[in-house]
Each structure stands twice: as structure tokens, then as C-alpha cells.
Amino acid sequence: MERGYLDHAATTPVAPAVLEAMLPYFGQIYGNPGSAHSWGGEARRAVEEARGSIAAFLGAAINEIVFTSGGTESNNTVIKGIAESNKARGNHIITSAIEHHAILNPCHTLERKGFEVTYIPVNNDWLVSPKDVEAAITAKTILISIMHANNEIGVIEPLAKIGAIARQHGIPFHTDAVQTFGHIPVNVADIEVDLLSASAHKLYGPKGVGLLYIHQGIKISPLLEGGEQEAKRRSSTLNVSGIIGFAKATELAADTMKTEPERISALRDKLIDGLLGKIKDTHLNGTRSSRLPNNINISFGGVEGEALLLSLDAQGIACSTGSACTSAKLETSHVLKALAIPHHLGNSSLRFSLGKATNDKDIERVLAVLPGVVDRLRTISPFYQPAERED
Amino acid sequence: MSKVTRGKVLVAMSGGVDSAVAALLLCEQGFEVVGITMCLGIKEESGGRAIRCCDSDALTAAQRVCDKLVIPHHIFDYTQEFTDMVVIPFAQAYARGRTPNPCVECNRLLKFDSLLKKALALEYDFLATGHYAGVEERNERLFIKKARDRRKDQSYFLYAIAPSALRSIIFPLAELTKEEVRARARAAGLPVAERGESQDICFVQNGYADFITARLGNAPAGDILDTSGKKLGEHRGIIHYTLGQRSGLGISSAQPLYVIKIDPEHNTLVVGEKRQTLAQKLVATRLNLFGDELPDMLKAKIRYGSAEEDCTARLVEERLVVHFAHPQSAITPGQSIVIYDGELVVGGGIIAEVLDGHG
């Protein structure tokens with residue numbers, strides 16, 4: 001059976017060139033970059049070269065890049081580290097209601113310790129209003145953290161405007177760029193961020209490696225303490241092969257970013273138009289204009305997303321549900337709930353995220369399978385009544 | 001992926017050993033199997049103790065079994081259906097002085113209707129569960145059959161499945177004992193071989209009365225009467241009592257007293273002697289019958305835990321009138337009566353009325 005992987009927002013395959021670049025760093029160049037001898041030197045030079053190329057890609061200085069184990073660690077470091085190092089100044093953090101749990105859960109932990117967190121709601125397109133952010137600022141605000149693009153809905157937040165506001169008020173500004181880094185231009189000077197999280201496995205790099213950009217002068221306490229690697233900002237022996245892979249993936253991304261967004265957004269629009277056109281009572285979640293080129297998130301009124309996922313999986317098509325029951329949590333996605341979507345619509349969404357290998361045939365297959373399944377499931381649903389609204 | 005199979009089966013997996021072995025057997029028999037767990041939205045109740053049938057432990061267990069069998073696992077959201085079709089009607093019936101059986105309704109409405117229809121809509125050929133029961137054909141009709149393991153037999157809970165659904169249902173454990181099921185799980189290295197049993201109603205943790213009180217508020221106290229209408233004491237709300245109950249009435253009396261009637265209209269309990277809890281005839285409604293006609297001599301169970309008793313039954317319009325050979329104790333409206341002909345379930349219904357009681 002032909003298979004089509006349309007879940008690139010979850011993770012991507014490691015590119016062959018990335019794997020090839022990594023391989024020498026397991027058995028041949030295996031030194032600890034912290035060692036003083038020539039084995040260490042080899043590894044250290046490779047890591048620093050990787051750091052330099054990633055820094056250049058981000059528009060950052062080389063010493064502003066800290067390697068981590070991934071997006072979750074980077075986000076935790078920002079929330080907990082900024083809170084710790086600024087607690088004398090204030091105890092208030094501003095973020096949005098639709099952040100990844102790697103931001104929200106550390107915020108909840110801080111709230112239990114006496115910090116105050118403002119979760120900015122979103123408008124009908126899941127966009128954060130810069131005005132709302134500005135209005136939430138108090139004398140005690142020590143951090144603003146707004147994601148670059150949402151992992152479920154794919155909408156791109158107006159970071160440049162929020163960054164300008166943060167700078168005006170002298171408040172550190174962080175963005176979780178896990179979904180955008182390597183996909184759309186991310187330059188820390190353009191979007192005026194002080195802190196930025198990214199992860200390698202979303203851009204055809206290996207799992208288990210990420211980065212945190214820390215603008216010069218930003219004080220942040222480390223999450224991990226130990227051998228004082230990464231200028232004391234993140235102790236732990238460096239993941240050399242992972243970092244080499246991350247740099248290679250970034251290098252490849254810099255190239256594919258020139259043409260891929262155009263190709264992939266054409267496929268995205270074809271899938272969106274096809275689904276909205278072929279199936280009644282379907283709703284695109286989030287605006288089309290400020291959206292990742294590879295993200296499609298659609299609710300199918302009255303149909304459980306998980307059932308659709310199952311039938312697509314059986315046809316060799318991978319996607320994800322925006323929601324609901326997983327063994328980890330038994331709830332509708334907080335991102336969908338941020339807009340007070342009724343339970344049955346919140347649980348009826350699918351997210352398709354396209355990638356380098358996605359082609360026209362994959363899109364055609366989804367469009368061939370879904371209308372029939374949705375129709376059959378609606379026929380048996382005790383709750384489904386065609387919506388009155390027009391889309 | 002392209003190999004020929006005996007068909008596509010969706011297996012409802014609770015995270016327990018029975019449904020895990022059901023999935024295992026189907027895989028061995030050459031079916032294309034997908035495991036699903038119905039999320040019923042039951043979370044922790046006030047006690048804070050996680051509940052058994054739909055907690056994340058159970059979901060993880062089901063996932064692990066599917067991983068071991070290398071089959072997909074999905075979780076379907078049945079929170080709204082479960083609340084609307086099972087939990088609320090259960091609480092309301094209880095408050096009306098009845099003693100309903102929500103497992104019967106869950107099987108009738110959710111597992112073997114809603115979920116089965118979904119399986120068929122998703123182009124599966126069959127739905128399977130880990131129930132101890134079987135399906136058998138007789139005279140070109142399909143019947144629910146008792147499981148070989150009579151101690152675990154769950155045919156009582158399955159009598160209400162629509163006859164037309166039976167051709168799409170597989171019960172892989174029909175011929176296995178519980179011990180054999182555990183042994184199969186162990187031999188296959190399924191990580192649920194030693195998981196505990198769940199017997200009680202899955203969504204009630206601390207007794208029915210507490211559950212209903214939490215949903216519908218405190219039931220009002222009322223009078224306890226004797227059969228002549230004389231007040232003997234007070235009860236704490238009728239939801240706290242069941243027919244035939246002896247202890248906990250708080251009345252001193254020369255001879256033991258039993259609840260012989262629950263009267264929700266007047267919010268009273270009527271108590272009497274042991275013999276007054278006995279009756280020989282009942283009327284059942286909401287019938288489900290698998291065959292065209294009823295054999296002359298039958299056996300029936302008036303609750304899951306009771307023995308089969310000889311009876312005759314005849315259909316009077318949409319009602320079933322059952323006459324037992326011997327008096328039965330505490331025939332309870334709201335419970336199901338299930339009628340057997342040998343090892344086959346002929347059908348059953350909900351007990352609506354008790355006739356010819358001595359009380």
C-alpha cells in the first residue's frame with residue numbers, strides 16, 4: 001500500500017545528508033568537547049562550527065546560542081530561569097492561552113509558587129492581539145512569551161509588533177519557534193526577540209536536540225547545573241552528534257526555504273479547498289493568510305476526529321487529531337477550547353501537516369477517502385445535525 | 001499490508017485482560033485487528049481515587065497490549081453518549097424507586113449499537129469484545145449463547161443487543177475459561193495478564209446512593225409503613241433502599257422486617273414479613289427477543305447474580321408475562337429478566353411490574 005505521512009508538525013524523518021553528517025561523531029570523533037586534549041578539541045571545533053552556522057541562520061551572535069535537549073527543555077528554561085533570575089524585579093509573566101504545554105505547564109508550576117501569569121486570549125483566528133499584550137503589562141512583568149506559530153492551528157502570531165512593545169517596556173520577550181524554525185524566515189533581529197526556542201527534529205534533524213537563543217545581557221538562571229558547559233547556562237556533556245545533525249538540518253533548511261513554502265502552500269490550499277468544497281459543514285480553523293505553509297486544521301461537524309484518523313491510517317495516511325482522548329490526557333485540546341468551540345466540534349478536527357516528501361498524490365488520496373467516511377459517520381451519529389451556518 | 005485476511009475487526013479494549021486476549025485470538029485467527037478504547041469521560045470522583053474503567057492507566061494498558069500485538073490502537077470519545085444514554089437514565093430511574101442495570105443499557109445502546117455502527121461506517125466487518133458469551137445460529141436465527149465458563153458468563157448483560165447486530169459481533173472468549181484467558185495472556189507476554197477484575201458498575205465508586213445524591217441532590221426522608229399503612233419509622237430517602245432489604249431499617253420488631261415495596265410517589269417504604277417479599281409472576285417491557293416464538297418450558301434470571309428458575313412466558317402485545325414455577329424473592333422493577341432455553345438466550349426485558357405478590 002502507498003503511504004503518505006502528513007504529520008510533519010509532530011516530527012520529520014532525518015534527512016539522509018543529516019544522518020551522514022552525524023555518523024562520524026559516534027565512533028570516530030567521540031571526544032568530549034570539554035576535554036583539554038586533541039580528542040576534545042576535534043569535537044569542540046565541530047560543535048562550535050555548528051553553533052556558528054546556526055547563529056548566522058538566526059541572525060544571532062555565536063555566544064547567544066545554547067544547545068538543549070529540545071523545545072521542551074528550552075521553554076522550561078525560559079519560564080523557570082527568567083522567573084528565578086528576575087524574582088526581585090517582579091513576579092508577573094504574560095503568555096497566551098494557546099501556547100504549547102511546555103510553556104503552560106511551567107507557568108502553572110510558577111503560579112503555585114506565587115507568580116502571576118496572564119494568559120492572553122486569542123481572536124477568532126487564534127491570533128494574539130499586540131494591544132492585549134500591551135494592556136496586560138504591569139510594573140511587575142518580567143517576561144512576555146508568545147509562540148511564533150501554533151503547533152495545532154498553524155497560525156503565525158504577530159511577533160514583530162509584540163516584540164516592539166516588549167522592547168519599549170524593557171521586558172524580555174521570548175518566542176517558542178519550534179514550528180517555524182527552518183520552515184519560514186526566523187531572524188531574531190527582525191522579530192525583536194530576546195529568547196527563542198527551536199528543535200531539530202521538526203526540520204529533518206535528529207530528536208533530542210534543540211536550542212535556546214539568549215540575547216546578550218539577558219539574565220537567566222540555568223535549569224541544569226553541573227559541569228558548567230554552555231557558559232554555565234546549561235550543564236551536561238554536549239550532544240555532539242545531535243548538534244552536528246541540527247546544524248546540517250539548518251543548512252539544508254536555509255536552502256529549501258527558498259522554494260519549499262511556495263510549493264507546499266499550493267498543496268495546502270488544494271487540500272483545504274478540496275475538503276471545504278467536497279464536504280459540507282467543514283470549517284478551516286485559523287486564518288489562511290497568516291498560516292504556516294504546511295498546516296491544515298479542519299473541523300468536520302459531527303464527526304469524531306479520532307475515527308477519521310483511524311480510517312485514514314488504514315489507508316496509509318498519517319495525520320493527527322487536534323484534540324481529545326489520548327492516554328496522556330482525556331480532554332479537548334486547550335488550543336481549540338481557547339475559542340469556546342463546542343465539544344463536538346473541538347473533537348472533530350484533523351490536522352494535516354505537509355512536508356518535503358508530500359506530493360499531489362497524497363492530497364488526492366485524502367480527498368478521495370475522507371468525503372465518504374465523513375458521510376457514513378454522520379449518518380450514524382445520534383448528535384449530528386447539519387449546521388445552519390455558511391462557510 | 002496486502003495479505004488476505006478473514007476480515008477487519010474492531011476490538012473494544014478496556015485495558016483489562018479479557019479484551020486483550022480477545023484481540024490476541026483474533027490476530028492469531030488471521031483477522032485484521034484494530035483496538036479501540038471507549039473514553040467514557042469518567043474521571044476521578046470526590047474521593048480522588050482514579051476509577052477503573054476509563055482512567056489513563058487503563059488506556060495505557062490497552063495501548064501496551066496493542067503495541068505488543070503490533071496493531072493500531074485508538075481512543076474514541078463516548079463521553080456525551082455515555083452521560084446521556086447511560087448515566088443520567090440510571091440516576092433518574094434510581095430516583096424513581098427502580099433498580100436499573102446500566103451495564104445492560106451500555107451494551108444495548110453504546111457498545112453494540114453506537115460503536116458497532118461506527119465500526120461498520122469505518123468499513124470494518126466485525127466488532128469484537130472480551131465478554132464471556134457466544135453467538136450461535138439455530139433455525140437460521142442468531143442467538144446470544146452462554147459462555148463455556150459458566151461462572152464468568154455475561155450473557156445476562158447482553159440480552160438487549162439488537163438481533164440484527166449479532167451477525168457483526170464476535171465474542172472470541174466464548175469457549176475459554178478465565179484461567180485459560182489468563183494463561184493465554186501470560187504465554188503471549190501481554191502486559192495485562194495480572195490486571196484486576198472490574199465487576200461493579202464502572203462509574204459508581206462509593207455506592208449508588210452517594211452517586212445519585214451527588215447528581216440529583218439529597219433524596220428526602222420519608223415514612224416507613226407496614227402493610228396496613230401504619231407508620232413504623234422513618235427512612236433516609238428511598239434511593240438508600242432496595243427491595244428485599246432486611247437490615248438498616250432502624251425499626252425494632254418481634255420478627256424480621258423486609259422492604260416489600262418502594263413507593264416513590266408517596267416517598268414511602270412498605271415493610272413486611274419475609275414471605276411478603278415473594279412473588280411468582282412479573283411483567284417485563286422494553287423486550288428484546290432473538291427467536292420468533294417462545295418455547296414452552298424456559299428458565300429465567302431476574303438479576304445477574306441469581307440462579308436460573310423454571311418458568312413459562314407468553315407475549316401479550318409488547319409485554320412479556322412470566323410465570324415462575326416457584327415463588328421468587330424480591331423481584332425488582334428496573335432490573336432485567338433474561339430468558340434462557342438451554343444455553344441460548346431467548347431474549348429478555350426490563351421488569352416493569354410484579355404480579356401476584358403475597359404482599
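Visitor: Which domains does the assignment give for chain B?
Guide: Chain B is assigned domain 1 (8-187), domain 2 (218-272) and domain 3 (278-355); the bounds come from an automatic or database domain assignment. This is a predicted model, in which local features need pLDDT of at least 70, side-chain atom pairs count only at pLDDT 80 or more, and totals for chains, interfaces and linings use all residues. Residues are numbered from 1 along each chain as its sequence is written, while chains are lettered from A and ligands numbered from 1 in the order in which they are written.

Visitor: What separates the centres of domain 1 and domain 2 of chain B?
Guide: Taken over C-alpha atoms, the centres of domain 1 of chain B and domain 2 of chain B are separated by 38 Å. In the contact between them, 5 residues of domain 1 of chain B meet 7 residues of domain 2 of chain B (contact: C-beta atoms, placed from the backbone, within 7 Å).

Visitor: And how is chain A divided?
Guide: Chain A has domain 1 (16-256) and domain 2 (259-380). The C-alpha centres of these two domains of chain A lie 29 Å apart. Their contact takes 19 residues from domain 1 of chain A and 19 residues from domain 2 of chain A.

Visitor: Let us turn to B:Val21. Is B:Val21 buried or exposed?
Guide: B:Val21 is buried, because 26 other C-beta atoms lie within 10 Å. The cut-offs are 20 or more other C-beta atoms within 10 Å of a residue's own for buried, 12 or fewer for exposed, and partly exposed in between, with C-beta atoms placed from the backbone. B:Val21 lies in helix α1 (residues 17-28) of chain B; helices (H or I, at least four residues) and strands (E, at least two) are DSSP runs, numbered from the N terminus.

Visitor: What is B:Val21 in contact with?
Guide: Leaving aside neighbours within four places in sequence, B:Val21 is in contact with B:Gly130, B:Leu173, B:Val181, B:Arg184 and B:Ala185. B:Val21 and B:Val181 are 160 residues apart in sequence, yet 6.4 Å apart in space, C-alpha to C-alpha.

Visitor: Back to chain A. Which residues of α9(A) are buried?
Guide: In α9(A), A:Ile264, A:Leu267, A:Arg268, A:Leu271 and A:Leu275 are buried. They fall within an arc of 100° seen down the axis of α9(A), so they line one face of the helix; the arc is that of the directions from the helix axis to the C-beta atoms. On the other side of α9(A), A:Glu262 and A:Gly277 are exposed.

Visitor: What do those buried residues of α9(A) pack against?
Guide: They pack against β9 (282-284), β10 (295-300), β13 (349-353) and α13 (360-380) of chain A.

Visitor: And α5(A): which residues are buried there?
Guide: A:Ala102, A:Ile103, A:Pro106, A:Cys107 and A:Leu110 are buried in α5(A). They cover an arc of only 130° around the axis, which puts them on the same side of α5(A). Their cover includes α4 (71-85), β3 (92-96), β4 (116-120), β5 (141-145) and β6 (173-176) of chain A. Just after α5(A), A:Gly114 takes a positive phi of about 105°.

Visitor: Lastly, how many residues has the largest nonpolar core?
Guide: The largest nonpolar core has 139 residues, and those with the most contacts inside it are A:Leu308, B:Val9, B:Val11, B:Ala20, B:Ala23, B:Val65 and B:Leu127. Such a core is a set of buried Ala, Val, Leu, Ile, Met, Phe, Trp, Tyr and Cys residues joined through C-beta atoms within 7 Å.

Conventions. Contact = placed C-beta atoms within 7 Å.
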